[in-house]
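Keep the structure open as you read.

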Amino acid sequence: MSAFLYGLALQWKLDIRSKAMLITCYLIPLVFYVFIGGIFTSLTPESKDTMIQGMSIFGVSMGALVGFPSELMEVYSSSIKKVYKANGVSIMSGVLIHFLSSFIHLFLMSMIIFVTAPFIFDSALPSNLPAYFGTLIVFIATTLSIGCIFGLLLKDQAKLTMFSQIAFMPSIMLSGIMFPVKLLPNALIYIGKIFPASWAFEATTSDKFNLLLWLPMIAILLISFAICAFLLSKKRKD
């Protein structure tokens, strides 16, 4: 256990020094938050009510679907995997360490938005804070689990970028973050429900806790974990 915690602490420090993780987990989400947040609040003042939720979901989606898979692919498509095997380290350890390290970074990024938005944009805090933080935790874990699939399945950076964008763009455009979902055609609304961002935004902007909004995210999380376990078993045999 101590070795695992040491590896987690080490990976967290390495992620801080990683330009890719720094850009996708902090720089792009926070720059987007400051500039787009200013535009939104100027054009539609009522967007202040959902500023924290929307910008946090954008940042988590960016870090988990665009930044995290690349880091994971580098581990399992390089000689690092052989180092794990040579030293008798479980091949699953690499996934868990990267997963937890990225989780911490994305949660910290979300907390920066949560703390600063009321001062910068006079944004309203979520009406139900326990439900907000609970949903945020589930959403980060669910989105990272999807990123795990991409990082373990793909070995080519170009293909990884393509699949990451295929997951990221609809997550943002169809979730209600950029504009109300009711403006979309019914077909696009149903497609948006495939992505956890839609459920997370609805849950975090709701006044009351609704377990039914968590169930799709939990289902995606469990299915993603099962797929990751299968992919890890194949890599263990390679």
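Start with the lining of the largest cavity: five residues are nonpolar, four are polar and none is charged. Here Ala, Val, Leu, Ile, Met, Phe, Trp, Tyr, Cys and Pro count as nonpolar, Asp, Glu, Lys and Arg as charged, and the others, Gly among them, as polar. A cavity is a set of points, on a 1 Å grid over the protein atoms alone, where a 1.4 Å probe fits but cannot get out; a pocket is an open set with protein on both sides within 12 Å along at least five of seven lines; lining residues have an atom within 4 Å of a point.

This is a predicted model, where local features need pLDDT of at least 70, side-chain atom pairs count only at pLDDT 80 or more, and totals for chains, interfaces and linings use all residues. Residues are numbered from 1 along each chain as its sequence is written, and side-chain values use heavy atoms, without hydrogens and water.

The largest cavity holds about 40 Å³ of space, a volume being the space filled by probe spheres set on the points, with grid points joined across faces, edges and corners. Its lining includes Gln 53, Tyr 132 and Ala 200. H6 gives the largest share, four residues. Helices are DSSP runs (H or I, at least four residues), numbered from the N terminus.

The largest pocket has a volume of about 520 Å³. Of its 26 lining residues, Thr 50, Gly 176, Phe 179, Pro 180 and Phe 201 are the closest to its centre. H2, H3, H8 and H9 each give two or more residues to that lining. Twelve lining residues are nonpolar, nine polar and five charged.
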